[in-house]
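Open the model in your viewer and keep the selection panel handy. The tour moves from one selection to the next.

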Amino acid sequence: MQTEHLDRDIYSRTLSTAKGYYDMLQRRDRLTSGPVRQKNEERIAAVEKAWNDCQNDQEREVIQKNLFEGLPMQYIPVYYSIRAMKRIRKNFLVRLAKNLKEI
């Protein structure tokens, strides 16, 4: 599967959104209705859609541990090489960027 290249600014925003997923979930409870809550919900939905579109549970675990929890790839207990995990991460970020309408 050929993936797209993300420009530096889009990569940065997309990565920040993925890393902030748990914070967005916590913020969901504090926000009242309005445009800020709506934007938060859109971002949560974009992350969850990209995450659910992973091929299998092992790929979802790579994304959860590395991006959501900040665990370095070498400590993630899956049967993928570091190179494969980087490819999984890149594909996830491209899907997320599309879901966020960045590309």
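Is F92 buried or exposed? Select F92: its relative accessible area is 0%, so F92 is buried. Keep in mind that this is a predicted model.

**Stop 1: the ring partner of F92.** F68 and F92 form an edge-to-face aromatic pair, with 6.3 Å between centres and 75 degrees between planes. F68 sits in helix α4 and F92 in helix α5, so the pair ties together parts 24 residues apart in sequence. F68 also counts as buried, at 8% relative accessibility.

**Stop 2: a second ring on F68.** Now show Y21. The ring centres of Y21 and F68 are 4.8 Å apart, and their planes meet at 35 degrees, so this pair is tilted. Y21 belongs to helix α2 (residues 21-30) and F68 to helix α4 (residues 57-68), 47 residues apart. Y21 is buried, like F68.

**Stop 3: the cluster.** Select Y21, Y22, W51, F68 and F92 together: they form one aromatic cluster. The count of aromatic pairs comes to 5.

**Stop 4: two helices.** Show α1 (residues 8-19) and α5 (residues 82-99). Their axes come within 10 Å and cross at roughly 95 degrees. That makes α1 roughly perpendicular to α5. On α1, pick I10, Y11, T14, L15 and A18; on α5, pick R89, F92, L93, L96 and A97. By class, this contact has 8 nonpolar, 1 polar and 1 charged residues.

**Stop 5: past α5.** Go to K101, in the segment after α5. K101 is not a glycine, yet its phi is positive, about 60 degrees. Most residues other than glycine have a negative phi. K101 is exposed, with a relative accessible area of 73%.

How values were computed: Residues numbered from 1 in each chain as written. Predicted model: local features only at pLDDT ≥ 70, side-chain atom pairs only at ≥ 80, totals over all residues. Heavy atoms only, no water. Axes fitted to C-alpha atoms, helices over the stretch in contact; angles between N-to-C directions. Helix = DSSP H or I, 4+ residues; strand = E, 2+ residues; numbered from the N terminus. Parallel < 35°, antiparallel > 145°, perpendicular 65-115°, else oblique. Contact = heavy atoms within 4.5 Å. Nonpolar A, V, L, I, M, F, W, Y, C, P; charged D, E, K, R; others polar. Buried < 20%, exposed > 50% of the residue type's maximum accessible area, 1.4 Å probe, protein only. Phe/Tyr/Trp six-rings, centres within 6.5 Å; stacked < 30°, edge-to-face > 60°.
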